[in-house]
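Student: I would like to go through the terms used to describe a structure and see what each one rests on. Please set the values against the cut-offs.

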Amino acid sequence: MPTNVASLVLLVALALPGYVYYRAVDRHVPERVHTAFQELMSILFVSVTIDVGVLTLLMCGSSLGLWYGPDFPALLDKPTRYVTRNFPDMALWSLTALLIAVAFAYVLGCRWWARRLPGSWTSRWQERSRRLEPQKSAWWLIFREHPDAAVHLGCVLEDGSYLAGQLHSFSRSPVENGDRELTLSGDISYRAPGDSTAAVLPHVNAVVISARQLVFVTVSYLPAESDPDPGAGQPGDASLPAGAAGAAAGGDE
């Protein structure tokens, strides 16, 4: 445990890459259920791995004369004395190393590079991620099946009414219970209980639906710029929007 302000700052700086990595990862994976100890150990493991890699790179470059590097034997022998004598250089070098480590952690975590892999590699990566990540709800699996497509949902509610629109957001919780919500945006179609046709609700741009009210959900993957027919894809209607792939997503609870 840190015993003074300097050691606390050093600990936070060394753990920062791991924290940035997991914050970036959390934007692209379902909400994970871990204990505080698991989260702490995961952050520390990633931080140590990235920090060691960056320090090794910087030390190799300084040994080849490519850039400045501290004298590590002298630093380890008498750290306070060495840092005091070389404070400006050490501060600049430490800040540079920290920025490189944080940037590297973010790039690894956001996984933008995975989308630039060849098609076969991307498919393998997605399939591997699907198999190895157990904490994925049915919503996550089916709504994220085709990330480049617009997702159009048709929602049948417990009272027999029907709502349809483009998926705007959904709960990332892996626990499939009635407390989850999803939101639709764009042209919102509504069919009252007992009616046979749906119509676009005037002056309505978005709607929030609780999973507790859902009986089932139909899912259509559309070209990103398509504008689906408000009445298409309703239960009992055989016509889906052109090129759409329909699926059912657990109306639970």
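Tutor: Start with the word helix: a helix here is a DSSP run of H or I with at least four residues, numbered from the N terminus. Just after one such run, α2, glycine 65 takes a positive phi of about 80°. Keep in mind that the model is predicted.

Student: Which residues of α2 are buried?

Tutor: Ile43, Val46, Ser47, Ile50, Asp51, Val54, Leu58 and Gly61. An α-helix has 3.6 residues a turn, so residues three or four places apart point the same way. The cover over the buried residues of α2 includes α1 and α5.

Student: How does the span of α5 compare with the expected one?

Tutor: Helix α5 covers residues 87-110, and its 24 residues reach 34 Å, close to the 34 Å expected. Its buried residues include Met90, Trp93, Ala97 and Ala101. The buried residues of α5 pack against α1, α2, α3 and α4. After α5 comes arginine 111, with a positive phi near 60°.

Student: Why is threonine 183 called buried?

Tutor: Buried means under 20% relative accessible area, and threonine 183 has 15%, so the word applies. Threonine 183 sits in strand β3. Setting aside neighbours within four places in sequence, threonine 183 is in contact with Gln166, Leu167, His168, Ser169, Val207 and Val208.

Student: What makes the pair of threonine 183 and serine 169 a polar contact?

Tutor: The distance limit for N or O atoms is 3.5 Å, and these two side chains meet at 2.6 Å, so the pair is within it.

Student: How do you know that β3 pairs with β2?

Tutor: Two strands pair if DSSP finds at least two bridges, and β2 and β3 are joined by seven, so they qualify. The two strands run antiparallel. Alanine 164 stands opposite serine 189 in β3.

Student: How many bridges does β3 share with β4?

Tutor: Two, and since at least two are required, β3 and β4 count as paired. Their sense is antiparallel, and serine 189 faces valine 200 in β4. With β5, strand β3 has five bridges, again in the antiparallel sense; there the partner of leucine 184 is valine 207.

Student: Why is strand β1 described as mostly covered?

Tutor: Because eight of its eight residues are buried, that is, under 20% relative accessible area. On one side these are Ala150, His152, Gly154 and Val156, and on the other Val151, Leu153, Cys155 and Leu157.

Student: Which strands pair with β1?

Tutor: Eight bridges join β1 to β6, and five join β1 to β2. Both pairings are antiparallel. Cysteine 155 stands opposite valine 217 in β6, while glycine 154 has alanine 164 in β2 as its bridge partner. β1 and β2 form a hairpin with four residues between them, and glycine 160 in the turn has a positive phi of about 90°.

Student: What makes the meeting of arginine 212 and aspartate 179 a salt bridge?

Tutor: The limit is 4 Å between a side-chain nitrogen of Lys or Arg and a carboxyl oxygen of Asp or Glu; the N to O distance here is 2.8 Å, so the pair qualifies. Arginine 212 lies in the loop between β5 and β6 and aspartate 179 in the loop between β2 and β3, so the pair ties together parts 33 residues apart in sequence. A search of the whole structure finds one salt bridge.

Student: Why is aspartate 179 called exposed?

Tutor: Because exposed means over 50% relative accessible area, and aspartate 179 has 61%.

Technical notes. Residues are numbered from 1 along each chain as its sequence is written. This is a predicted model: local features need pLDDT of at least 70, side-chain atom pairs count only at pLDDT 80 or more; totals for chains, interfaces and linings use all residues. Side-chain values use heavy atoms; hydrogens and water are left out. Buried means under 20% relative accessible area, exposed over 50%, partly exposed in between (1.4 Å probe, protein chains only). A polar contact is a pair of N or O atoms within 3.5 Å; within protein, one must be able to donate a hydrogen and the other to accept it, and residues adjacent in sequence count only if both atoms are side-chain atoms. Contact means heavy atoms within 4.5 Å. The expected span of a helix is 1.5 Å times one less than its number of residues.
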